[in-house]
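The following exercises concern the structure shown below.

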Amino acid sequence: MLYREIVELGYLGKMTILRIWIGKLKKQTEVKEPIVRFETKPGRQAQVDWAHMGKDLYAFVMILGHSRSAYVEFVRSTDEEHLLRCHQNAFEHFGGVCKELLYDNMKTVVIQRDKYGPSQHGFQKTFWDFSKHWGFIPRLCQPYRARTKGKVERFIRYLKYSFYHPLVTKEKSDIFSLNYEVRQWLSKIANQRQIRELKTTPQVLFAKEAEYLQPLAPSYFQKDQGRVNYFEIVQPHSLETYEKIGELS
């Protein structure tokens, strides 16, 4: 015991004084773990996550690791079909597919981590087939390591406080209007923002990254006979288009 040892050396103080001194010493010697930003090569990786925006409203978010260019789509469910269709819409939005997509432990993506060995995860069969169809490798972020997919998490915070909260404060928006408005926001604001550590914008970086994306595959989904589906209309360019979709849904 340190106290006994220093008393034998002539220390005349109390235990309380020793504890206070040790506490100050620890604070002086503590070394904070440096934040290491993980930068990816163009077309290498995208990060994917859901953002819960309210009662039964969710935002699907995919952000390209190199350029920080993002795709956002508002939906009412996070089930497997919505997840896959949002992926396809995102790929068509970017005009290509990254080699790897990074996820957390979504139940619609992975059944069991390390099921077949270290980093050999058991993915949902339909999701695995979908990934092979589009030619990307699914990756899982490290458990309890939020920094692993920090780019998408930071963007979700930005989405909530720069787009969603200001918009719903002004007016109550239906899902079709939200998807129209978020595309305008992505184009005019989010992709024009300055990335401090890179000293440039997602729009500028995406011009380079687009060249490295893998080409699009044919649609993964079969079209319903005699019925127009919301997900088959990708990237509408006007609010009137959304209103027509709502009439057909």
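**Exercise 1. Determine how many salt bridges the model contains, and describe the one that joins Glu 197 and Arg 68.**

Step 1. A salt bridge is a side-chain nitrogen of Lys or Arg within 4 Å of a carboxyl oxygen of Asp or Glu. By this rule the count comes to 7 salt bridges. The model is predicted: local features need pLDDT of at least 70, side-chain atom pairs count only at pLDDT 80 or more, and totals for chains, interfaces and linings use all residues. Residues are numbered from 1 along each chain as its sequence is written, and side-chain values use heavy atoms, with hydrogens and water left out.

Step 2. Glu 197 and Arg 68 meet through their side chains in a salt bridge of 3.4 Å, N to O.

Step 3. Helices (H or I, at least four residues) and strands (E, at least two) are DSSP runs, numbered from the N terminus. Glu 197 lies in the loop between H6 and H7, and Arg 68 in the loop between S2 and S3, so the pair ties together parts that are 129 residues apart in sequence.

Step 4. Accessibility is classed by relative accessible area: buried means under 20%, exposed over 50%, and partly exposed in between (1.4 Å probe, protein chains only). Glu 197 is partly exposed at 36%, whereas Arg 68 is buried at 4%.

**Exercise 2. Which parts of the chain does the salt bridge between Glu 100 and Arg 139 link?**

Step 1. The closest N and O atoms of Glu 100 and Arg 139 are 3.4 Å apart. The pair links distant parts of the chain, with Glu 100 in strand S4 and Arg 139 in strand S7, 39 residues apart.

Step 2. Glu 100 has a relative accessible area of 8% and is buried. Arg 139, with 36%, is partly exposed.

**Exercise 3. In what order do the strands of the open sheet lie, and which are the edge strands?**

Step 1. Two strands pair if DSSP finds at least two bridges between them. The open sheet has 5 strands in the order S3-S2-S1-S4-S7, with mixed pairing. Its edge strands are S3 and S7, each of which pairs on one side only.

Step 2. Strands S2 and S3 pair in the antiparallel sense over 6 bridges; within S3, Val 72 is the bridge partner of Val 61.

Step 3. Strand S1 (residues 45-54) pairs with S4 in the parallel sense over 3 bridges, and Leu 101 in S4 is the bridge partner of Ala 46.

Step 4. The pairing of S4 with strand S7 (residues 137-140) is parallel, over 4 bridges. Here Glu 100 stands opposite Ile 137 in S7.

Step 5. In a regular strand the side chains alternate between the two faces of the sheet. In strand S4 (residues 100-103), Glu 100 and Leu 102 point one way and Leu 101 and Tyr 103 the other way, and all are buried.

**Exercise 4. How are the axes of helices H3 and H4 arranged, and which residues meet?**

Step 1. Axes are lines fitted to C-alpha atoms, for helices over the stretch in contact, and angles run from 0 to 180 degrees between N-to-C directions. The axes of H3 (residues 80-94) and H4 (residues 125-134) come within 11 Å and cross at roughly 10°.

Step 2. Angles under 35 degrees count as roughly parallel, over 145 as roughly antiparallel, 65 to 115 as roughly perpendicular and the rest as oblique. H3 and H4 are therefore roughly parallel to each other.

Step 3. Contact means heavy atoms within 4.5 Å. Glu 80, Leu 83, Leu 84, His 87, Gln 88 and Phe 91 in H3 meet Thr 126, Phe 127, Phe 130 and Trp 134 in H4.
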